[in-house]
Structures are given as C-alpha cells and as structure tokens.
Amino acid sequence: MDEDYDVIVLGTGLTECVLSGLLSVDGKKVLHLDRNDYYGAESASLNMTQLYEKFRPGKEVPTTLGRDRDWNIDLIPKFMMANGEIVRFLTHTDVTRYLEFKQIAGSFVVYSKGTKVSKVPSNEVEALSSPLMGIFEKRRMKKFLEWAQKYNDADPSTHQGLNISVLPMHEVFKQFGLAPDTQEFIGHAMALHLDDSYLNEPARDTVEKVRLYAASVLRYGKSPYIYPLYGLGDLPQAFARLSAVYGGTYMLNTDAQELVYDDQGKVTGVKTAEGIARAKQVICDPSYVSSKVKKVGSVVRAICLLNHPIPGTGDADSVQIVIPQNQIGRKHDVYVACVSGAHMVCPKDYYLAIVSTIVETDKPAEMEIQEGLKLLGPIVDKFVSVSPLEVPIEDGTKDQVFISRSYDATSHFETVCDDVHDLWKRITGEPLVLKKKEGQEEAA
Ligand SMILES: *[C@@H]1O[C@H](CO)[C@@H](O)[C@H](O)[C@H]1NC(C)=O
C-alpha cells in the first residue's frame, strides 16, 4: 500500500476497467480499488442470491429458479458493436484472450406508433425486403445506404453533390426524400443517437455510424452486436488478470475513506483502512466523490425473467430492440436488451430482458418503460430500479481527479466509449490513439 502509483482507480465499473487497462498497456503503474467484495460496481453481474439481496433483502430465492451459479445477471447490460470502439479497446489491451464472445441474434426496431417490431435492415438487400417501408420508400432507403456505403472523401464523384462535413443530416435525409419514420430508425436504431440533435449536426457522424452498423453486421451476420459468455461481469475480471501482467494491482473490499490533496488542491493519494496509497492522478466513478458530481437525470431499468423468447423476434435467443422516442410520444428512446441460456447468463429455457430509459415524468418509474414491457409477453418476475445519472462538475484537470459519467439507458457500449475517449483526453492531455502493437493483428 505505501508504494507509489501513477494512477489510482476507484470502482471496477466498465469505464474504469477499460481506462485502467489502457493506462496499464501504456506503461502506467495502476492501483485499482473497489469497496465491494465483487467486481463490476454499478455494472456488476450478480447471481440470484445477490440479486435478491439487492432488490428484496430478507426474502428467500424461490427454489424454482434453480442453481445460483447458473445466473449471471447484468445490472446494466450492454452489447458491443462487432466493429466498434469497445472491441478495439479489448483487442488493444489483449483482454480478449480471457473472454469468449457470442453473437446477439437480432437487432430490432419498433415502428408503426409502437405496435410492430421489425429487424433493422443493415444493407441495401435487407432494405428492399423490410416491412418497415413501403415500396417507394424502400428504393429511397436503398439509395441512401448505397450512397453512405460508397462515400469516399477523396473521390468527389461518390458524394452526389453532398458534402458531409458541412451539410446537416436533415438536409441529407431531405435529399434522399426519406420519410420521418425512416429517418428515425436510421438515426436511432442504426446510428444509435440518443435524441434528435444529430439532425442539425454535419452528416459525417451519422454516416460513419451507419457504416459502422453495416460493417458490424457483415462481420458475423444477423446483428451487429456481440456479448461475452457469462455476462459483462467477466470483463472486469479479465482486466484484473491483465493488470497483473503489467504489474498493476486490483483490490476488492477496499474502500477509499478519503482522497488526499496537497496545499494546491491537487490530489496526492487515497486513504484506505490499510494506509495511504499515493498517486498523481485518481480516476473514479461518481459514487466515490459525491461532492464533485451533479445529478442530471435518472434512468429506470427493469430486469425481467422470461421463460420464452420475445414475441415477434423469430424466437431469437438474444436481441436488442430500440423503441424510438417519437414512435411512442417520448423524448428518449426505450431500450430492450435480451440474453438467454445460450450466453451462460441464466439456466437453459430462461431469458433475461432488461428494459430501460431515461425518466421523463413524476409518474411511477415503471410507467416510463411500459411500451418496452408490453413487447416482452408474460413476465415471470421483474426487478425495477431507478438510478441517478451523475456527471462530473469539473473536468478534473485542476485537482487531477477524473470522474466518469453514470451509465445511461442505452443497451450498447457507444456512450461508454465516448466517455473513455473524453476521460483519456482529460487525463493525458492527448487524444486516445490506439497504436498498433508489435505482432498484433490490426483491430479492424
Ligand atoms: C467540404 O467542406 C469542407 C469544409 O468547408 C471543405 O474543406 C471540403 O473541401 C469540402 N469538400 C468538397 C468535396 O467540396
């Protein structure tokens, strides 16, 4: 404990673990602490006994739910884009050697004012057979996808007169004559935007995200998403093993009693029951520094146990379903993430579906997600929680305490990766560029 470290990381949530891994690989000496006796913090995977302790303390787990060790229930499930940033982080740090992934079988979107579920078409061919659009709209969608796919900065003949560096996305949609519903599933189920502000931003970001979606689907077919066997809880443990390789240390059951500062207000270490660990920088989740964060909203999540696949998804063993805000008269999308025994997260024949969104009203939180719950069919049991969405008040450069954001309602990793990039830049003063390592296959 009385050693000196470059960085001390508090909390073993997904963001903290990815950063701690990237810093280790970059040659930093990292100490990683967590007050809990399990890995993962807010984003832990729990067995059934732990889930009951959290949601129904004092209540017995029904014996009908089978063996404890068959359950690995993510409190915050997130899927990875096969070609996405998170996979590049995992490949770069080489934690992939401790993990095994399985594809998510389907990516769906709700349309027709919340009444119907359809696969998200990922390419021109799928667009032509999609029930999401009428015959003429299908052709316009096909043209848009072809254009997005072929767009090449160096070759103006592929631009069709549209400059994506300057033209706002709503102008691009207009150029292709796409209807509001089509725009919405492109923006929310393919590009995964959280709200409609992207419409007024230059089209580049959305075009790149649509291309990422299509390329990720191409990689494995069916959906763009993959997910680790045994749940996301295996990620922090993989990072802990990696850390050991780089001379770092992970310690559970070790709380940070307080942060220690010098007289300039810069952090110098962390006080624990075992003494003071010294470091020039501290990275933590909001729960370790309540006075340095502010609440900007709340997320409601319902963990639902099912004994059948979600209706309308072709009996898929796993899916993501996005319910775009405008389809159901909301200001935030509702997300459904479903995994099953096929991913070793629950006993065979069970399905775990998590429905989440940002809280918008004072009504009981479950009302906010009812459009998602409605899609699931009969529910065996349901565990509902509301968590604050917290963000750091300052960027951390003054006191060298760098705080992550709470996990939002999305069921994919894109916003977590944005936070990792943002934190990296604040911590090191440089943008995060993943260098190719000797002898390593390039992470595409
Ligand atoms: C697109 O706009 C940017 C920014 O104004 C400009 O630098 C670039 O040359 C334009 N590209 C084309 C092909 O006109």
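Author: Let us begin with the ligand, around which lie H159, N163 and V166, where being around a molecule requires a heavy atom of the residue within 4 Å of it. An N or O atom in the side chain of N163 lies 2.4 Å from an oxygen atom of the ligand, and a pair of N or O atoms counts as a polar contact when it is within 3.5 Å; within protein, one atom must be able to donate a hydrogen and the other to accept it, and residues adjacent in sequence count only if both atoms are side-chain atoms. The ligand on its own exposes 360 Å², of which the protein buries 34%; such areas come from the Shrake-Rupley method with a 1.4 Å probe, and for residues only the protein chains shown count as cover.

This is a predicted model, in which local features need pLDDT of at least 70 and side-chain atom pairs count only at pLDDT 80 or more, while totals for chains, interfaces and linings use all residues. Residues are numbered from 1 along each chain as its sequence is written, and side-chain values use heavy atoms, with hydrogens and water left out.

The C-alpha trace spans about 70 × 60 × 45 Å along its principal axes. Of the 444 residues, 54% are buried, that is, under 20% relative accessible area, whereas exposed means over 50% and partly exposed lies in between, with a 1.4 Å probe and protein chains only.

Helix α1, residues 14-25, shows this burial clearly, since twelve of its twelve residues are buried, among them L14, C17 and V25. Its twelve residues reach 17 Å from the first C-alpha to the last, close to the 16 Å expected at 1.5 Å a residue, the expected span being 1.5 Å times one less than the number of residues. Just after α1, G27 takes a positive phi of about 100°.

Buried residues also occur in loops: S223, between α8 (204-220) and β9 (225-228), counts as buried because its relative accessible area is 0%. A polar atom of the S223 side chain lies 2.6 Å from the backbone oxygen of I104. Leaving out residues up to four places away in sequence, S223 touches Q103, I104, A105, G106, S107, S216 and V217, contact meaning heavy atoms within 4.5 Å.

P311, between β14 (293-306) and β15 (319-323), counts as partly exposed because its relative accessibility is 42%. D349, in the loop between β16 (334-340) and β17 (351-358), counts as exposed because its relative accessibility is 56%, and, with the neighbours within four places in sequence left aside, D349 is in contact with L306 and N307.

Technical notes. Helix = DSSP H or I, 4+ residues; strand = E, 2+ residues; numbered from the N terminus.
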